[in-house]
Amino acid sequence: MPTLDINDTTLFYDELGSGEPIILHHGYTGSHDVWLDEIAPRLADRFRCIVMDARGAADSARPDAGYNIPQYALDVLGVADALGLDTFTYVGHSMGGGIGYQLGVHHGHRLDRLVLVAPIPAGGIQGDPAMHAEAVKLRADPNARSKMIAQRKLTNLRSSDAAIERGVDRALSVSEGHFNDSWQSMVDFDVSAELDKLTTPTLMVAGAADGLCTPNVNDWQKLPNATLHVFSRVGHGVPGDVPDEFAAMLADFMEHGAINAKTLQERMKQG
């Protein structure tokens, strides 16, 4: 199992393909699985796809501290440094999208492009304590696995049963520090007043059936150099639900960048 020693912990990473580098990062209690199994094979003929697991999640080590979005962003940069990447494209799903915001606002010189996939809002998630309390209660339930599988089958509209079951197993395996502190970090996260600094060409990806779709579109409108793609009949788990379409969309963005009304108007002026 390939690992790197980064920022006083050990992080899982793997890669597939060659070409321009893309680092793909999972969400809150996710893992590298969907990227490595579904997305990277569809892009490896054109791009160097690098996947990683956050500290405390999946196949990475479980240190005592560092479970917050600023540190996760530094861990991404640490992986890039270890692999000799001065710049790269970053793709982040859900909490990984929050990491993307952090990278774009505070470390934008390292990014060639940024892809925010159903990201947490730039102003942080709505931190209803009861919501996390319910998640803590479910995590401790002896029947947590079967209950979580049943829940996810209702909301993961197109994922296979095997993928859902593996995702639940990954979610249940994260460290306590990751589970609790990452949640609080997403509540406290707020770069909403700094989005004008995010000038990296950015692709905002949303699922039309995801509860985050509206804040995603609202945040997209505030980004100075961004385009938008919304998948119909898709919820929060975009890459796993529509891997063919997602990979094609990502490859198109890698080739053409952030095409929007502003960039098209600029083309017309130049023409």
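**View 1. Strands β7 and β8 of the predicted model.** Strand β7 (residues 202-207) runs parallel to β8 and is joined to it by 6 bridges, with L203 having T227 as its bridge partner in β8; strands count as paired if DSSP finds at least two bridges between them. Helix α8 (residues 213-222) lies across β7 and β8 and runs at about 160° to β7. Helices (H or I, at least four residues) and strands (E, at least two) are DSSP runs numbered from the N terminus. This is a predicted model, in which local features need pLDDT of at least 70 and side-chain atom pairs count only at pLDDT 80 or more, while totals for chains, interfaces and linings use all residues. Residues are numbered from 1 along each chain as its sequence is written, and side-chain values use heavy atoms, with hydrogens and water left out.

**View 2. The open sheet.** The order of the 8 strands is β1-β2-β4-β3-β5-β6-β7-β8, with mixed pairing. Because β1 (3-6) and β8 (226-231) stand at the edges with a single partner strand each, one side of each is left without a neighbour in the sheet. Neighbouring strands are turned by 25° against each other on average, direction ignored; axes are lines fitted to C-alpha atoms, for helices over the stretch in contact, and angles run from 0 to 180 degrees between N-to-C directions.

**View 3. Helices α4 and α7.** The axes of α4 (residues 129-140) and α7 (residues 176-188) come within 11 Å and cross at roughly 170°, and the two helices are therefore roughly antiparallel (angles under 35 degrees count as roughly parallel, over 145 as roughly antiparallel, 65 to 115 as roughly perpendicular and the rest as oblique). In contact, meaning heavy atoms within 4.5 Å, M131, H132, A135, V136 and R139 of α4 meet E176, F179, N180 and W183 of α7.

**View 4. Aromatic pairs.** Rings of Phe, Tyr and Trp (its six-membered ring) pair if their centres lie within 6.5 Å, and planes under 30 degrees apart count as stacked, over 60 as edge-to-face and the rest as tilted; the count comes to 3 aromatic pairs. Y28 and W183 form a tilted pair, 6.2 Å centre to centre with 50° between the planes. Y28 lies in the loop between β3 and α1 (33-43) and W183 in helix α7, so the pair ties together parts that are 155 residues apart in sequence. Ring pairs link Y28, F179 and W183 into a cluster.
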